[in-house]
Amino acid sequence: MSKKKHKPWRFWPYSLAARTGLLLIIGIGLVEACGLMIHTLDRLDFDRITQEQEAANRATAIYRDISEVDSVDRIDEINDLDPMHGFTIFLSNQPDLQKIYPRSQKLEQTVSHLLTTVLFPPELRPAQIIAASDRNTHRSAIAFQLPDDKKWLNISYTLTSPNPFTSATFPIAFFVMATATGLLTLWGVRRLIAPVGTLAAAAERLGQDVNAPPLPEAGPLEVARAARAFNNMAHRINRFVNDRTQLLLSIGHDLRTPITRLKLRSEFIEDPALQTKFIKDLDELEAMIKATLDFGRDNTRHEPIASLDITKLLKTLIYELQETHPDKKEAILLCEPIPHLTIKARPISLKRALQNLMENALHYAGNVSVTLKIEHLSTAKDPHHDQRVVILIEDNGTGIDEDSLDQVFEPFVRMETSRNRATGGTGLGLSITRNIIHGQGGDITLSNRQPHGLCAKVTLMA
């Protein structure tokens, strides 16, 4: 029992715009995260310093309240105080720092500075100040020696850890920054990548029509240079194709005159058998030249691209073929089901190409079967071209040798070895058919069927 293969997940996008946008968003997101982290650390330091300053101010205020009352009333005063959360206040004969280490000279200097800067009677100032602070547990303690009875006022407290996320502006600022950055990045990437899509569309049009209009040479320097280079390439291709076609037409046209003279001179041949053979060869040569001219004119045709109901076209071709060959009507089939499809194509040229393929199948195999379907490309990287219209023209003949499946598309190549035009043709039909289909942006391939027969697969853009 075969195991079902699972396709791996692909998180890397296919399009250049998506890749560029993803990289920029990730990069800007990392920079934004680093900036927010630095801001958070600064905010934590600021909040910690603010808490320490507020705690020192509160401790100084407590000492002032206790020092101003009589020594006998100080315990009652302590009990009546409403200190901040986390504060512990008590009197002792010796300084009691609640086992908090190490000693903090900074906190001692801060409290001493507060007592000297406020309006506080010098005689009430503490005889000695001892302070300790543990930054790991955020605990601190201050011991004031009262000036009159030499007792120690001990104040210990625990500070809460600063949390910047409790601020309402923090998530709002993060959301606004992330949204604005993402939208601006996507907009900028679309503007930057748009010329690439235009260039791709122009290349696709050039593949269908060498006379396609040129690209506008505008925009940024690099885009203008690419458009200029593309237009120069398209111009050279157009000139090469036109020169080649014109040469072919000129040769074919000029050969008609000597063929006509040879036909006239053949009338003076006295041997009837030789005269018949001579005229037959001239007729075959004239037919080949006519097919050559048709081949050249097909390349120079400027039929506009229009919407075409391919389903209706195939039904029409099948009906015309059955009407032309009533004795083979049962052997001319259009397979069901027939999807209703509309494509962009050159109607007359495409009809000629499909008709040629059907007539070849009927002529060489005696039967033809046509199938119309949609082919979905599951591995396509372009979401705009993920399906194709496929036309299969099949027969039950003897097929073609595998080594000759591509060769038959070359001009003047015939698989019929007798070289008889009545049976083998001129060898230009499939060449014209392939040029027409390639000009529509499609493709055509031949393959042998099993156990026998031939299949012509025409693929067109949906």
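This is a predicted model: local features need pLDDT of at least 70, side-chain atom pairs count only at pLDDT 80 or more; totals for chains, interfaces and linings use all residues.
Q: Which residue of S8 is the bridge partner of leucine 333?
A: The partner is serine 369. Serine 369 also stands opposite glutamate 394, which belongs to S9.

Q: Do S8 and S9 pair in the parallel or the antiparallel sense?
A: Antiparallel. Eight bridges link S8 to strand S9 (residues 387-394).

Q: What describes two packed helices?
A: Two things: the angle between their axes and the distance between the axes. Take helix H8 (residues 347-365) and helix H10 (residues 429-439). Their axes come within 9 Å. They cross at roughly 140 degrees.

Q: Is the crossing of H8 and H10 left-handed or right-handed?
A: The crossing is left-handed.

Q: Which residues of H8 and H10 meet?
A: From H8, the contact uses Ser349, Leu350, Arg352, Ala353, Asn356, Leu357 and Asn360. From H10, the residues are Gly429, Leu430, Ile432, Thr433, Ile436 and Ile437. Sorted by class, the contact has seven nonpolar residues, five polar ones and one charged one.

Q: How many aromatic pairs does the structure hold?
A: Two. Tyrosine 63 and phenylalanine 144 form one of them. Their ring centres are 4.8 Å apart, with 25 degrees between the planes. The pair counts as stacked because planes under 30 degrees apart get that name.

Q: Where do tyrosine 63 and phenylalanine 144 sit in the chain?
A: Tyrosine 63 is in helix H1 (residues 16-68). Phenylalanine 144 is in strand S3 (residues 139-145). They are 81 residues apart, and the pair links distant parts of the chain.

Q: Why does tyrosine 63 count as buried?
A: Its relative accessibility is 0%. Buried means under 20%, so tyrosine 63 qualifies. Phenylalanine 144 is also at 0%, so this residue counts as buried too.

Q: What forms the pair of phenylalanine 87 with tyrosine 157: stacked or edge-to-face rings?
A: Stacked. Phenylalanine 87 lies in strand S1 (residues 87-92) and tyrosine 157 in strand S4 (residues 152-158), so the pair ties together parts 70 residues apart in sequence. Both phenylalanine 87 and tyrosine 157 are buried.

Note on methods:
Residues are numbered from 1 along each chain as its sequence is written. Side-chain values use heavy atoms; hydrogens and water are left out. Two strands pair if DSSP finds at least two bridges between them. Helices (H or I, at least four residues) and strands (E, at least two) are DSSP runs, numbered from the N terminus. Axes are lines fitted to C-alpha atoms, for helices over the stretch in contact, and angles run from 0 to 180 degrees between N-to-C directions. A crossing is left-handed if the near helix is turned anticlockwise from the far one by less than a right angle, and right-handed if clockwise. Contact means heavy atoms within 4.5 Å. Ala, Val, Leu, Ile, Met, Phe, Trp, Tyr, Cys and Pro count as nonpolar, Asp, Glu, Lys and Arg as charged, and the others, Gly among them, as polar. Rings of Phe, Tyr and Trp (its six-membered ring) pair if their centres lie within 6.5 Å; planes under 30 degrees apart count as stacked, over 60 as edge-to-face and the rest as tilted. Buried means under 20% relative accessible area, exposed over 50%, partly exposed in between (1.4 Å probe, protein chains only).
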